Amino acid sequence: MQQLEDKIRTEGQVLGDDVLKVDNFLNHQIDPELMYAMGKEFYRLFQSKKITKILTVESSGIAPAVMAGLIFKVPVVFARKHKSLTLKDNLYTATVYSFTKKVSNEISISKKFLDEDDHVLIIDDFLANGQAVEGLMEIITAANATLEGVGIVIEKTFQKGRQLLDAKGVHVESLARIKTFKDGQVVFVDDQD
Ligand code: G4P
C-alpha cells in the first residue's frame with residue numbers, strides 16, 4: 001500500500017538491525033486517516049470471505065482493526081493482556097511469548113464474544129515472529145470458530161512469522177512488506193534493486 005510505505009519512509013525510524021519505530025502514526029500517536037485507508041484496503045483484500053468478526057490484540061492492533069470492522073460492518077474483539085476486575089471467568093486464553101520484549105503474556109478473550117458460528121479475520125500491527133497471531137489462532141481453535149485470514153499492517157519478511165503462517169496454510173495479507181533495513185533505511189519487498 002503506497003500511502004503506508006510513504007509514511008514509513010518519511011516518519012519511521014529504524015532502530016538497530018530489526019526494529020522499526022512508528023509511534024508517530026501507529027504505536028503511540030495514531031493517524032486516523034491512514035487507519036481508515038488501511039481499513040478500506042483490508043476490506044478490498046478480504047471482501048470475498050465471509051467475515052463475521054475481527055480479532056486483534058491490545059494495544060496497537062486496535063486502531064487498524066476498528067477501521068476494518070467499520071467497513072466490514074462487524075464487531076471487533078481485542079484480546080486483553082491483563083486480567084481485569086470484570087474479565088476473570090469464562091475466558092479463552094493463550095500464552096504469547098514476545099521475542100522483542102523477552103516476556104510471556106497471557107492473552108484472553110471472553111467466551112461470550114467468540115463461538116463456532118464466527119468467521120474471523122485477525123488484524124495486527126506487526127508480523128515479526130508470529131507469536132501474537134499464533135496465540136489468537138489457538139483461541140479461535142478453542143472456540144471452534146473459523147479463521148478466514150490474517151491482515152497485517154507491517155510485515156518484516158526477514159523474521160519467521162510469515163513462514164510459520166504459510167506453513168499452516170493461513171491466508172496472510174500485509175499492507176507493507178519490509179525486506180530489510182539498510183543503512184538506517186527501510187527496503188520494501190517491492191522496491192526496485
Ligand atoms: P510477534 O507478535 O510477531 O511474535 O512479534 P514479537 O514477539 O517479535 O513482538 C512483540 C511486540 O513487539 C508486539 O507488540 C509487536 O507488534 C511488536 N513489534 C515487533 N516488531 C516490531 C517493530 O519492528 N517495531 C515495533 N514498533 N513493534 C514491533 P506488543 O507487545 O503487542 O505491543 P503493543 O501492541 O501493545 O504496542
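In helix 1, the residues Leu4, Glu5, Lys7 and Ile8 are buried. Viewed down the axis of helix 1, its buried residues fall within an arc of 160°, so they line one face of the helix. These positions, like everything that follows, belong to a predicted model.

The buried residues of helix 1 pack against strand 2 (19–21), helix 2, strand 8, strand 9 and strand 10, whereas the face turned away from the buried side carries Gln2 and Thr10, both of them exposed.

## Nonpolar cores

The largest nonpolar core contains 31 residues, and those with the most contacts inside it are Leu4, Ile8, Leu20, Ile54, Phe72, Ile154 and Val186. At least two residues of this core come from each of helix 1 (2–11), helix 2 (32–46), helix 3 (62–72), strand 7 (119–127), strand 8 (146–156), strand 9 (172–182) and strand 10 (185–188).

## Two loop residues

Asp31 lies in the loop between strand 2 and helix 2, and its side chain is joined to that of Lys7 by a polar contact of 3.1 Å. With neighbours within four places in sequence left aside, Asp31 is in contact with Lys7 and Phe25.

Asn90 is located in the loop between strand 4 (76–79) and strand 5 (91–98). Is Asn90 buried or exposed? Its relative accessibility is 57%, and Asn90 therefore counts as exposed, the cut-off for that class being over 50%. Not counting residues up to four places away in sequence, Asn90 touches Ile109, Ser110 and Lys111, while Asn105, 15 residues away in sequence, is 18 Å away in space from C-alpha to C-alpha.

## The ligand site

The ligand is surrounded by 22 residues, of which the closest are Leu20, Lys81, Thr100, Gln131 and Lys156. An N or O atom in the side chain of Ser59 is 3.0 Å from an oxygen atom of the ligand. Backbone atoms also take part: a backbone N or O atom of Asn129 lies 2.9 Å from a ligand oxygen atom, and a polar backbone atom of Gly130 is 2.8 Å from an oxygen atom of the ligand. Of the 710 Å² of accessible area that the ligand has on its own, the protein covers 86%.

Conventions. Residues numbered from 1 in each chain as written. Predicted model: local features only at pLDDT ≥ 70, side-chain atom pairs only at ≥ 80, totals over all residues. Heavy atoms only, no water. Core = buried A, V, L, I, M, F, W, Y, C linked by side-chain atoms within 4.5 Å. Buried < 20%, exposed > 50% of the residue type's maximum accessible area, 1.4 Å probe, protein only. Helix = DSSP H or I, 4+ residues; strand = E, 2+ residues; numbered from the N terminus. Arc of directions from axis to C-beta. Contact = heavy atoms within 4.5 Å. Polar contact = N/O pair within 3.5 Å; in protein donor to acceptor, adjacent residues only side chain to side chain. Near = heavy atom within 4 Å. Areas by Shrake-Rupley, 256 points an atom, 1.4 Å probe, with all protein chains shown as cover.
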